[in-house]
Amino acid sequence: MSIPEAIAAARERIDAASAACGRSEAVTLELAAKTRTPEECHAAATALRDAGLPILLGHNHVQEARATQAAIREVPGARVHLIGPLQTNKINQALACVDAIESLDSPALAAKIDARATGPLPVFVEVNVSGEATKHGCAPSDVGALVDAVEASIHLRLAGFMTVGLNSPVEADVRAAYARLRDIRDATARALGVSESDLELSMGMSRDLEWAIAEGATIVRLGTAVFGERRLR
């Protein structure tokens with residue numbers, strides 16, 4: 001299946017999932033471009049544009065974002081997000097090549113990014129709602145302090161929340177974790193006096209996007225469903 005065909009199939013899944021749970025608001029498709037070449041990323045960005053969709057690609061590693069962002073940005077309107085953990089020694093590199101960071105996980109990291117940013121930067125608070133030791137993100141109990149750090153910053157803007165889903169085939173368990181992130185988003189919106197729709201929910205991947213959408217995802221991050229299996233690094 002070609003990348004344009006895979007994007008069309010993914011969009012059909014997203015639309016069907018939205019219809020199944022009675023949602024009318026748009027769910028954004030973010031292409032997770034881990035291990036993908038500049039040529040593949042450019043082709044994906046072009047296919048998103050040609051399909052009339054938001055042109056959004058996410059990278060797990062700063063070095064891959066650096067290597068592909070020029071090819072992606074050849075397509076007008078393209079955006080690049082960092083969706084993997086950010087090491088402090090890569091902050092300057094990340095700020096030079098991404099439009100948003102979806103993996104903010106501590107007040108200390110927020111302060112270091114804020115000190116080096118030169119303009120407004122959308123950030124997502126990554127929360128480990130599954131409790132799995134292999135997952136990145138702050139604990140749910142630490143979200144308030146991290147949101148406070150973002151609100152107190154000069155350059156960071158809270159754009160939403162992100163999580164990596166529970167690694168389980170049990171629908172109820174996976175959905176419960178996603179529902180917890182939605183509840184965190186809703187509580188934060190109330191505390192900040194903003195609409196829930198002002199804060200994105202980036203959750204759901206190729207294997208479980210339907211469950212994530214049923215629990216309120218506004219962005220789903222698909223990699224293998226569009227690009228095929230990852231290459232070995």
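## Packing of α1 and α2

In this predicted model, helices α1 and α2 are oblique to each other, since angles under 35 degrees count as roughly parallel, over 145 as roughly antiparallel, 65 to 115 as roughly perpendicular and the rest as oblique. Their packing angle is about 50°, and their axes lie 9 Å apart; axes are lines fitted to C-alpha atoms over the stretch in contact, with angles from 0 to 180 degrees between N-to-C directions. Helices are DSSP runs (H or I, at least four residues) numbered from the N terminus.

From α1, Ile3, Pro4 and Ile7 meet Glu40, Ala43, Ala44, Ala47 and Leu48 of α2, contact being heavy atoms within 4.5 Å.

## Helix α2

Helix α2 comprises 13 residues (38-50) and reaches 18 Å from its first C-alpha to its last, close to the expected 18 Å at 1.5 Å a residue; the expected span is 1.5 Å times one less than the number of residues. Gly52, with a positive phi near 75°, follows α2.

## Packing of α6 and α7

The axes of α6 (residues 143-152) and α7 (residues 171-192) come within 12 Å and cross at roughly 45°. That makes α6 oblique to α7. Val143, Val147 and Glu151 in α6 meet Ile184, Thr188 and Leu192 in α7.

## Basis of the values

Residues are numbered from 1 along each chain as its sequence is written, and side-chain values use heavy atoms, leaving out hydrogens and water. In this predicted model, local features need pLDDT of at least 70 and side-chain atom pairs count only at pLDDT 80 or more, while totals for chains, interfaces and linings use all residues.

Definitions and conventions. Helices (H or I, at least four residues) and strands (E, at least two) are DSSP runs, numbered from the N terminus.
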